[in-house]
Amino acid sequence: MAWVLKMEDAAIESGLVHDFDASLSGIGQELGAGAYSMSDVLALPIFKQEDSALTLNSETKNPPFQYVLCASTSPAVKVHEETLTYLNQGQSYEIRMLDNRKMGELPEINNKTVKSIIRVVFHDRRLQYTEHQQLEGWKWNRPGDRLLDIDIPMSVGIIDPKTNPAQLNAAEFLWDITKRTSVFVQVHCISTEFTPRKHGGEKGVPFRIQVDTYKQNENGEHTEHLHSASCQIKVFKPKGADRKQKTDREKMEKRTTQEKEKYQPSYDTTILTECSPWPENAYVNNSSTASPAFTTSAHNSYTLPDSNSSSPNHQGDAVTQATLDQLSPTASIQEAQQWLHKNRFASYARLFSNFSGSDLLKLTRDDLVQICGPADGIRLCNALKSRTVRPRLTIYVCQENTPTKNVAHLKGTGDAENGEHGSNNIYVYHAIYLEEMSASELTRKIASVFNFSQSQINQVYKQGPTGIHILVTDQMVFNFQDESCFVIGTLKAESGDGYHVILK
């Protein structure tokens with residue numbers, strides 16, 4: 001019986017081999033003799049991608065430094081996404097500064113110190129655009145506090161640590177790359193402080209801790225950029241980070257094994273990943289070479305016209321005034337910066353530090369609102385589009401005894417109220433625009449139009465019936481008819497010092 005079963009098994013096996021050989025018999029005939037070559041297979045796109053990836057990885061240079069934040073990453077971050085680390089407000093966290101150079105790399109920094117600047121910055125691009133305003137608001141609510149501090153007693157190997165009162169979110173120090181260096185930092189702002197208040201329970205905004213490292217130039221100044229790296233963090237009130245980490249861990253434990261594979265594990269430390277250097281304030285330093293060193297001055301001092309010359313009737317500086325009031329598309333970057341300062345947008349000068357006049361004018365209203373917020377965005381849009389506010393009162397004035405020569409076809413037969421006189425002379429009138437309905441504003445504008453010194457005008461009178469002189473008061477200016485015409489005469493003051501102005 002056993003022999004029979006063996007015979008049957010042998011027959012079945014022989015049949016299977018025969019069928020398999022028959023199924024392969026046509027492969028060479030269908031593809032051709034040269035179709036099935038390994039070189040053609042390796043030329044497929046999938047193998048090309050793997051090959052290029054291997055080549056890229058082999059050519060990738062190790063960063064010269066590595067910075068390690070000694071705080072656990074969140075387990076609730078998906079694979080291929082950036083890590084997220086929770087910190088407690090005011091708690092000291094160690095950042096290890098490690099020399100990661102290969103043998104013979106960057107020999108010029110051997111036996112020399114390098115400078116690192118640590119910053120707490122916004123992760124969201126929208127908040128990066130308005131960083132200055134956000135930090136100023138935080139400073140207003142937290143006077144005397146800083147967003148970032150170095151815990152000097154706990155730090156090891158740092159030299160000459162500094163903080164700048166004008167930069168509340170940054171600190172700098174020197175360190176010797178051949179020695180063990182750890183800097184302990186404290187973050188005093190929490191993520192929910194920059195979240196619009198609605199109904200409570202809002203998610204806090206993420207921050208970034210960024211480290212920028214510089215080496216010495218030929219003058220011994222630490223201005224040459226070497227390396228930058230950063231990581232994403234969220235800051236909670238004291239012990240809040242521990243509770244959040246525990247909550248994330250418990251949520252992950254409830255997930256299935258298949259779901260857990262979509263998330264990266266929690267690591268005991270956070271490695272800062274390479275990034276671009278943080279842009280320096282373009283108008284901090286007046287020198288031609290921008291230095292990342294901290295400076296006491298926060299802004300360039302531009303030479304700007306006096307604010308009193310902002311009237312549209314300022315005749316002595318008309319060209320400069322027109323340039324500053326209306327931004328030209330041909331304005332250079334420096335002229336655009338001056339325009340921003342002149343029009344009370346100095347807080348956005350850093351943000352637009354590389355914008356020319358043409359660049360600013362290309363921004364739409366929606367762009368400006370998103371960058372500057374609703375209030376300043378609309379104001380900047382109106383300023384760029386030269387939308388001026390209509391003056392409350394417009395009057396036309398002409399200086400007495402200053403007629404021009406007669407023009408052939410014009411006859412001086414009208415009356416003075418319409419700007420014409422009973423002679424063959426043409427009188428040129430100047431427009432005065434009053435934004436404030438007051439006698440002092442009228443006096444100032446008259447002095448500006450006719451190049452008087454305002455201190456020389458003692459009183460302003462309006463000529464009334466039978467030639468009487470009526471003192472011009474705020475109430476009288478308020479009752480002037482819009483677009484009234486006046487001839488201005490002057491009368492020597494009785495004291496001999498100054499003049500009286502008479503509106504006829």
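Let's start with Ser 484, which sits in strand β17; strands here are DSSP runs of E with at least two residues, helices are runs of H or I with at least four, and both are numbered from the N terminus. This is a predicted model, where local features need pLDDT of at least 70, side-chain atom pairs count only at pLDDT 80 or more, and totals for chains, interfaces and linings use all residues. Residues are numbered from 1 along each chain as its sequence is written, and side-chain values use heavy atoms, with hydrogens and water left out.

Is Ser 484 buried or exposed? With a relative accessible area of 13%, Ser 484 is buried, because buried means under 20% relative accessible area, exposed means over 50%, and partly exposed is in between (1.4 Å probe, protein chains only). A polar atom of its side chain lies 2.5 Å from the backbone oxygen of Gln 481. Once you set aside neighbours within four places in sequence, Ser 484 is in contact (heavy atoms within 4.5 Å) with Thr 394, Ile 395 and Tyr 396.

Now zoom out to the sheet. It's an open one of 6 strands, in the order β14-β13-β17-β18-β15-β16, with mixed pairing; two strands pair if DSSP finds at least two bridges between them. At the edges stand β14 (430-434) and β16 (469-471), each with a single partner strand, so one side of each has no neighbour in the sheet. From one strand to the next, the twist averages 40 degrees. Strands of a sheet pair through backbone hydrogen bonds, either parallel or antiparallel. Take β15 (residues 457-463): 3 bridges join it to β16, and the two run antiparallel. Tyr 461 stands opposite Leu 471 in β16.

Helix α14 (residues 439-449) packs on this sheet, touching β13 (393-399), β14, β15, β17 (484-492) and β18 (499-503). Its direction makes about 150 degrees with that of β14; axes are lines fitted to C-alpha atoms, for helices over the stretch in contact, and angles run from 0 to 180 degrees between N-to-C directions.

Next, some backbone angles. Most residues other than glycine have a negative phi. Asp 160, in strand β6 (residues 158-164), has a positive phi near 50 degrees, and at 41% relative accessibility Asp 160 counts as partly exposed. Leu 106 has a positive phi too, about 50 degrees, and lies in the loop between β3 (92-99) and β4 (113-122).

Finally, look at helix α10 (residues 333-342), where the buried residues include Trp 339 and Leu 340. After α10 comes Arg 344, with a positive phi near 65 degrees.

Conventions
A polar contact is a pair of N or O atoms within 3.5 Å; within protein, one must be able to donate a hydrogen and the other to accept it, and residues adjacent in sequence count only if both atoms are side-chain atoms.
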